Amino acid sequence: MSVRLTEKAAVHVQKMLQQRGSGIGLRLGMKKSGCSGYAYEVDYADEVEAGELVFDSNGIKVIVHQDNLEYLNGLELDYVKQNALNQGFEFNNPNVKDMCGCGESITF
């Protein structure tokens, strides 16, 4: 089982945690949303909660609740910066079967 950050994503998260002034890592999860069924949730984590697993990736703790692991196992999170206005996380998830037209929700 694994969830990992690319080096670019890890550098970005570390920078954001430093600007935030607190936090132990990045929390990833899933929520029911959109026309395809699910959407990613990304937030900073201040602590590890009951039922969560911790993956260390490029020096960053990636925290995933065990209920979401079936959807996120094998995920690689990258940070892509195409220009000043178009930048953000890119989810490379081998478990995704389909995506809605706007790219906001996914199906497993």
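**Exercise 1. Confidence of the model**

Task: State the mean pLDDT of the protein chain and find which elements have the lowest and the highest mean.

Solution. Step 1: The mean pLDDT of the protein chain is 89, and 89% of its residues reach 70 or more; pLDDT is the predictor's confidence in each residue, from 0 to 100. Step 3: Where pLDDT is low, the predicted coordinates should not be read in detail.

This is a predicted model, in which local features need pLDDT of at least 70, side-chain atom pairs count only at pLDDT 80 or more, and totals for chains, interfaces and linings use all residues. Residues are numbered from 1 along each chain as its sequence is written, and side-chain values use heavy atoms, with hydrogens and water left out.

**Exercise 2. Elements and sheet**

Task: Give the order of the elements in the protein chain, then describe the sheet that has three strands.

Solution. Step 1: The protein chain has two helices and nine strands; these are DSSP runs numbered from the N terminus, helices being H or I with at least four residues and strands E with at least two. Step 2: From the N terminus on, the elements run β-α-β-β-β-β-α-β-β-β-β. Step 3: The open sheet of three strands has the order β1-β6-β7, with mixed pairing; two strands pair if DSSP finds at least two bridges between them. Step 4: β1 (3–5) and β7 are the edge strands, each pairing on one side only. Step 5: β1 and β6 run parallel and are joined by three bridges; V3 has L75 in β6 as its bridge partner. Step 6: Helix α1 (residues 7–20) packs on the sheet and touches β1, β6 and β7, where contact means heavy atoms within 4.5 Å.

**Exercise 3. A hairpin**

Task: In what sense do strands β4 and β5 pair, and over how many bridges?

Solution. Step 1: β4 (residues 52–57) and β5 (residues 60–65) pair in the antiparallel sense over six bridges. Step 2: V54 stands opposite I63 in β5. Step 3: The hairpin has two residues between the strands, and N58 takes a positive phi near 50°.

**Exercise 4. Aromatic pairs**

Task: Classify the pair of Y40 and F91 and the pair of Y79 and F89.

Solution. Step 1: The structure holds three aromatic pairs. Rings of Phe, Tyr and Trp (its six-membered ring) pair if their centres lie within 6.5 Å; planes under 30 degrees apart count as stacked, over 60 as edge-to-face and the rest as tilted. Step 2: The centres of the Y40 and F91 rings are 3.9 Å apart and their planes stand at 5°, so the pair is stacked. Step 3: Y40 lies in strand β3 (residues 37–45) and F91 in strand β7 (residues 87–92), so this pair ties together parts that are 51 residues apart in sequence. Step 4: Y79 and F89 are edge-to-face, with 5.7 Å centre to centre and 75° between the planes.

**Exercise 5. Burial**

Task: Decide whether Y79, F89 and P94 are buried, partly exposed or exposed.

Solution. Step 1: Buried means under 20% relative accessible area, exposed over 50%, partly exposed in between (1.4 Å probe, protein chains only). Step 2: Y79, at 14%, counts as buried. Step 3: F89, at 28%, counts as partly exposed. Step 4: P94, at 55%, is exposed. P94 sits in the loop between β7 and β8 (98–99). Leaving aside neighbours within four places in sequence, P94 is in contact with N73, G74 and L75.

Definitions and conventions
Axes are lines fitted to C-alpha atoms, for helices over the stretch in contact, and angles run from 0 to 180 degrees between N-to-C directions.
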